Structures are given as structure tokens and as C-alpha cells.
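Open the model in your viewer and keep the selection tool at hand. This tour goes stop by stop.

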Amino acid sequence: MSRIRAFSLVALGCLIYIQPIMAVEPNERLADPLLEERARMLSQNIRCLVCQNQSIDDSNATLAKDLRALVREKLTAGATNDEIFDFLVDRYGDFILLNPPFKASTYLLWYGPLIFLIVGLLMTVLVMKKSKRRASEKPLSQEERVSLSKLLEQKDET
Amino acid sequence: MAKTIFVLPFLVFFGVVTYFIIPIVKKSDPKLLPSALIDKDVPENKLPPLFKNKTGFDHEDLVGGETLVNFFSSWCGPCRVEHDILMKISEEKTIRLFGINYKDQTQAAIRWLDELGDPFEKIVADKDGRAAIDWGVYGVPETYLIDKEGKVRYRHVGPLTERVLEEKLMPIIQLLRNKKDE
């Protein structure tokens, strides 16, 4: 048993070293590790429009490669993260951001879950109130109790 | 009052279903994106002409008349598919047609046009694909309809077909031309 446990622990430990597969090629990387880290962070938030569910950091498409180079070029030139995102949104639209922006047209997207939660809670409260009211209704009358016991007896006989 | 609120989830559910079913019924491809440049000025790029003996163009040359700007490449399969339509547009003089040769080798592009015919009035070469990024290109072939003020009015991703020309482009071109007459 302890052997299995030890093995599992080792296997789990190995998982720590698993890195997501990336498409960034060694010659694309920037010499400055801080800038490179920012480049990676930005790239992971930019959608590759060729593959559409991959970031440009993951994608091998030529456009993704070009955009990775562009991001790094802009970073080296001193652009801020927002400037780079804005540059891309101007050309490709919000869809290029893997994280949808927070603005009037996306309020429903961001607030939607909250609205559903509130409506859900509201309904739960209503249902609970109703069942409580039902439970506290007046007790059975003498007549009702007699007919109930009769019905139960009948059931026992069959 | 308490009852009506229980109908709400169903209404919301059917609303959501309808919203998502419409594109399925209309068979629209969700991978095709509208251009972010619609109703905006074409990007200002200074690109070199593809041929030495044929002039190139820039954003200023797009002012003055409706134009189709087509991104193509000799390595791009679907570009071959749409080439007949481009030739037809050029022969029938449907609309002014300019080309941007995307990330191509000059010799290969010239060979391609020699072989299949050259439908373009003017062609520039975008060797590194940077101008294409300014246009928001994400897959060749792409075709942009530019109005006479030099603003992007429509973008088609993928090969042009007879149907796209008739049903998508022509109505907008007619609309733009009618506006000119007023």
C-alpha cells in the first residue's frame, strides 16, 4: 500500500515539471528575460485567428509567428501592454483578445452569471417560503383523520 | 406574481436557444470574422510595386472610385480557385481591382500571373506580411471592398465565388454607386 502511495507521489511530483506546449521558437525569444516574460504573457492572451481557439503562444500558424514577432518588436520599442492590445484590437477587433473586454456590449456576458444567480436565489426563497406555508397549515380534522386511517387499513389488506 | 417568475427561466432558455440556432439555420461559418476596419480608412502603407514596369498603389490611390483590394499569394491554394472570378471581374470591368501579393517570392508571384493571367490594375508586394496585419488579414485570399472615399466597406475571407460576387459584393457596390449619383 505504502509503495503505491509513494509511486503516486512521485508521479504527481513529475506533473509539476510539465509545461504547456508552446510554439515559441528559440530564435524568437528576446534577450531580456523580463521583456520575454511580458511577451509570453501577452501572447498567451492573444487569439490566433487562424486556429481561433489557440493563443498565438501555442499556435504554429504563420500569422501567429508574425504576431509574436510583432509583439516582441513593440515591447523592445517600449510599448505598454495596453498599447499592444489596442494595436491588435484596432486591426482585428475584440475577438483577438482571449479575454473579452469589459464594456457596454459585453455587460451581459460579465454580469449574466450574477443575474442568473440572483434570479435562482430569488426562486429558491420563493419555493421555500411556499413549502413552509404549506407545512404550517392547520392540522387534520377528526373526520379527515378517520378517513385517512380507513384508507391506510384498506391498503394493508390488499 | 409568484407564478410568473417561474416562466422566466423557460423564456430565457428559449431566447438563448433562438440566439444560437439562427447562425446554424443560416449556415453561417463562425470562423469567418467581420473586419474591424469596416467604415474606417484603409491603412496607410507604402508598399513597393510587385513588377518593376507596373505601378503600385497606396491609400491615396484608393480614393476616387470603388475598388476591390485582393490579398493573394502563389502558395495559396484557394487563391487559384478564385482566380477565374478575378479574371472575369477584370475582363468585364465590373469594378477596379487592385492586388496585394502576400508573403510571396517575387519570381513565384510573377510566374503565377504569367500562367493564370493578371487581373490586377495595380499590384504591390507585402513581403513580410506587416501591411496585411494593418488590414486585419488572417487568411489569404481576402478581398476588401473600398468606397470612393477610401473607406473599407466589406471584407470577404476565402475564395471569391460567383455567388459571393452576386449576392454579397454587387449589392454593396450598387449601393455605393447609387449614392454617387445623388
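A nonpolar core here is a set of buried Ala, Val, Leu, Ile, Met, Phe, Trp, Tyr and Cys residues joined through C-beta atoms within 7 Å. A residue counts as buried if 20 or more other C-beta atoms lie within 10 Å of its own, exposed if 12 or fewer, and partly exposed in between, with C-beta atoms placed from the backbone.

This is a predicted model: local features need pLDDT of at least 70, side-chain atom pairs count only at pLDDT 80 or more, and totals for chains, interfaces and linings use all residues. Residues are numbered from 1 along each chain as its sequence is written, while chains are lettered from A and ligands numbered from 1 in the order in which they are written.

**Stop 1: the core.** Select Phe71(B), Tyr102(B), Ala132(B), Val137(B) and Ile146(B). They have the most contacts inside the largest nonpolar core, which has 53 residues. Now go to chain A: helix H3 (residues 62–76) gives this core its largest share, five residues. Helices (H or I, at least four residues) and strands (E, at least two) are DSSP runs, numbered from the N terminus.

**Stop 2: Ile146(B).** Zoom in on Ile146(B). Contact means that the C-beta atoms of two residues, placed from the backbone, lie within 7 Å.

**Stop 3: the sheet.** Show chain B as a cartoon. Its open sheet of five strands runs in the order E3-E2-E1-E4-E5, with mixed pairing. Two strands pair if DSSP finds at least two bridges between them. Which strands stand at the edges? Strand E3 (122–126) and strand E5 (152–157) of chain B do; each has a single partner strand, so one side of each is left without a neighbour in the sheet. Next, select E1 (67–72) and E4 (142–146) of chain B: they pair in the antiparallel sense over five bridges. Leu68(B) has Leu145(B) in E4(B) as its bridge partner.

**Stop 4: all of chain B.** Zoom out. Chain B has five helices and five strands. Along the sequence they follow the pattern α-β-α-β-α-β-α-β-β-α. The C-alpha trace spans about 80 × 40 × 30 Å along its principal axes. Of the 182 residues in chain B, 34% are buried.

**Stop 5: where the chains meet.** Colour by chain. Here 13 residues of chain B are in contact with 14 residues of chain A. On the chain B side, H1(B) gives the most, with three residues.
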